There are 2 protein chains.
Amino acid sequence: MALISKSLIKKYGLDKLKNKLKDKGKELLRHTLDQQVTLAVTGLSRSGKTAFITSLVNQLINEGSGTKLSFFDPVHNGNFIAAKRVPQKHFHVPRFDYDSAMSALTSEPANWPKPTHGISELRLAIRYQPKNSILKYATDMATLTLDITDYPGEWLLDLPMLKQTYQEWSKQTHELMKKAPRAEYSKSFLAKLAKIDPFSTASEELLAQLAQEYSALLHTFRHTLGLSVIQPGRFILPGDLAGAPILEFFPFPALEELDGNDYQNAPDDSFIGMLRSRYLEYKEQVVRKFYQEHFLRFDRQIVLADCLTPLNKGKESFADLELAMSMILQSYSYGKSGLFSRLFSPKIDKLLFAATKADHVTPEQHGPMVALLNQLIHQNKHQLNFEAVKVKTLAIASVKATNSGLSKHKGKDIPVIQGRSLAKASAVNSNSANSNISHSDVDESTEIFGHKITVFPGAVPSQLPKDDYWQSSSFNFIDFAPLSGLNKHQCLPHVRMDQVLQFLIADKMI
Amino acid sequence: MALISKSLIKKYGLDKLKNKLKDKGKELLRHTLDQQVTLAVTGLSRSGKTAFITSLVNQLINEGSGTKLSFFDPVHNGNFIAAKRVPQKHFHVPRFDYDSAMSALTSEPANWPKPTHGISELRLAIRYQPKNSILKYATDMATLTLDITDYPGEWLLDLPMLKQTYQEWSKQTHELMKKAPRAEYSKSFLAKLAKIDPFSTASEELLAQLAQEYSALLHTFRHTLGLSVIQPGRFILPGDLAGAPILEFFPFPALEELDGNDYQNAPDDSFIGMLRSRYLEYKEQVVRKFYQEHFLRFDRQIVLADCLTPLNKGKESFADLELAMSMILQSYSYGKSGLFSRLFSPKIDKLLFAATKADHVTPEQHGPMVALLNQLIHQNKHQLNFEAVKVKTLAIASVKATNSGLSKHKGKDIPVIQGRSLAKASAVNSNSANSNISHSDVDESTEIFGHKITVFPGAVPSQLPKDDYWQSSSFNFIDFAPLSGLNKHQCLPHVRMDQVLQFLIADKMI
């Protein structure tokens, strides 16, 4: 107390000051207990990021109201106290709109929440009773601050560009465009490029026009073909960069056939010179900026992937998911083959791949689903070095949209799921034409809010499918709407969200 | 030549190398002649920024095709050679879309170009023959690189926030909201705030909701009331910041009545604490960022102001324009009363205020128009110190939309303008009801593309209008569409664009 100046005592009064110091002490104690996790959430192929984050927040803030989190230790062991939303860390990042998403899920008829654009954040303060901590006798609770950052999967897929020259990137992207399923749509664009002399003086208007065509192609790849590898990612969600030259470049075919010196010496105002400088600028101003401002700060990453839609769409769509996975893994493996050296690496120590929409197949298919996801990842694992990163795979449903059961089919019990189809009645009929249950078995009790159907969508292959699988096309899954009657103040039904929480945050709550 | 290594000679060949060195020499010479100007263009009250930039570029790149630039010395003296668009400096800034703007102006029927959102850039390379330079015997041409940066007037109006605390800003903004014309619209919002205890723990959802209401108010002020002072400017054009907490604050009434200590010690999670910290974050992340990344780089500034709409709208709208002008002048005056000290000041040395839409009044009114604009500015001048900044005022029309002439009215020749009204036929009738020419004098030869009318819109006051002016409401101007038959490859008709160019760039072309 000798150190406290008289003026301070005068300012606060002695009692007030004593309380302030006491609070300070408590605060210090609490800080030693408190934990902080920055969880990054991203997804491939419309995997349901928004539904996932909404469910994760919902499970934690409504804990106690119909909770089903028995595999999440802090809840199972009774250490979990409560969680609430608190103001996020970065004021200039849009807030994840939890309320709108919950409104969509709990409206009648229930809808899937609108997808997010770009990056958003949400912070949870999770109170718990530390059990195994060094401070187990402290009466104080501890708080885990969980920062959730939601960002587009395309931004993650852009990271490998940091290691590529324009020539290398151009070659890789051009290769993709020459093959099915992109080739058919890319033909006329590539034909236009073939007519251009790369060393001629560039017209900005022509560059802008071709870049617009290339962006339109990326939209087709993403939305019509359901592909995962969309580069550069910012082209389909430009935000404030719309109309900026940094988004006006594209791969140029056959760069490898050019003389190396000619390419290097191409003037800045030539066609190829301008493409090259804009590519470099994109890498610096967009990709590296995301890396430095966000990616470096992430502690844990979950990558959501919808494996079912690519299985539905066919061989090429599935191969594209495979490619996307291997591109993503580059960012988490360190050393020679990885993207970043350990020294400048992100600090991510846990990486979860979750196959979403597990409720869209019958429960006994979850095993094959995870096995398939493991194959997608592990085929790369031997060449990568995950020294410090724990990797896990799970088959989940963020918000369960079906009920499962058994149905008699030709005298035998077969597993089925029942839900409200998202497609219109006519579309459902054609969709389910290939399914293993004949049409007459589908319970077509049409509701006012859509089509309620019971279906066996088929078996998920537990290995990367071979050609004969694609020829038999035995798998056909249907998009379901959320179940009706969900409640804002109750926990949403889910599949394995407790295991997600266990892997991602339970070790920070001991 | 002794210094040139053998390997270089081998690489390029001797002849190539000689040419390279020669080019280098030319380049050095050219660089000593070359000039660079960064011209910032902004506007108040839908003043026609897009039309202005389009016309400026058009006049320069089409010089020779119907040019009317006799007051622009480089053209008048024959020193001007040619201008062309070249790639802009900053790749991450959207490009000003000249082509779309020209397409709108030259379509049938002709339209005004769509307004720009946020910032955009365009670069011109202007070739000229230096006449008075120290190098007048050089056969080489010189190039003036003109970087045009277009940004919203609201961003300029945000700059004074850099010097204000949240309390000060809140007080100033609240004062405005209590007075006409804002009061009527602000009432219910202010009533909600009055019920809030500023020291209570804030709910983020409530803050978000109130901020949304405040943004809606700003939109009303801007678009319904035609007001100029809109703060914070980013609230009405949020771009990538949409939904971010940094845009979720607002002025809080009666902060000055709070105890200073209480206010200072308000915890960060209290209502007032959160408003304060978001205001500070907005200043740092938005206002200071604009200041550092753009404003500091500007060499010259043109502020476009539509004085006619406020004259039409009435006393309060005009007073708001006055306030906006005085806020803008703060950023260009240095020393005690100015916003920036000369040390950290922007380098702007010329500041042009242009009253736009001069073609919307009869030519003899241009004098009073400039006199009025001078009054708007000079009333502040005595308290400001413009040591290093040259200020000028002009009445201009970027793209002339009317033809002027004389018309007989009650046996007397009176000046009139003729053009195609933007309003629909019925609206025109009511619009022109107050004009000095009686209805029967209006030439109503309805065209397929709108309503062609001849009108005398009234006299512009050459002094800041007094109360009796507003009571007589003798002024009523009509919005005109662009003239038809404009051509992309010809110079657009204009009023005093040559004087604009003379002031802004002629001194860099000698």
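## A tour of two interfaces

Start inside chain A: domain 2 and domain 3 bury about 1,700 Å² between them, 56% of it from carbon and sulfur atoms. Buried area is the accessible area (1.4 Å probe) that two parts lose on being put together, summed over both. This is a predicted model: local features need pLDDT of at least 70, side-chain atom pairs count only at pLDDT 80 or more, and totals for chains, interfaces and linings use all residues. Residues are numbered from 1 along each chain as its sequence is written, chains are lettered from A and ligands numbered from 1 in the order written, and side-chain values use heavy atoms, leaving out hydrogens and water.

Select Arg46(A), Phe295(A) and Asp320(A). In domain 2 of chain A, these lose the most area to domain 3 of chain A, together 29% of what that side buries.

Stay on Asp320(A). Its side chain meets that of Arg182(A) in a salt bridge, 2.9 Å from N to O. The term means a side-chain nitrogen of Lys or Arg within 4 Å of a carboxyl oxygen of Asp or Glu.

Now show chain B. In all, 30 residues of chain A are in contact with 30 residues of chain B; contact means heavy atoms within 4.5 Å. Pick Phe91(A), His92(A) and Arg95(A). In chain A, they lose the most area to chain B, together 30% of what that side buries.

How many salt bridges are there between chain A and chain B? The count is 6. Zoom in on Glu204(A) and Arg95(B): they form a salt bridge, with the closest N and O atoms 2.6 Å apart.
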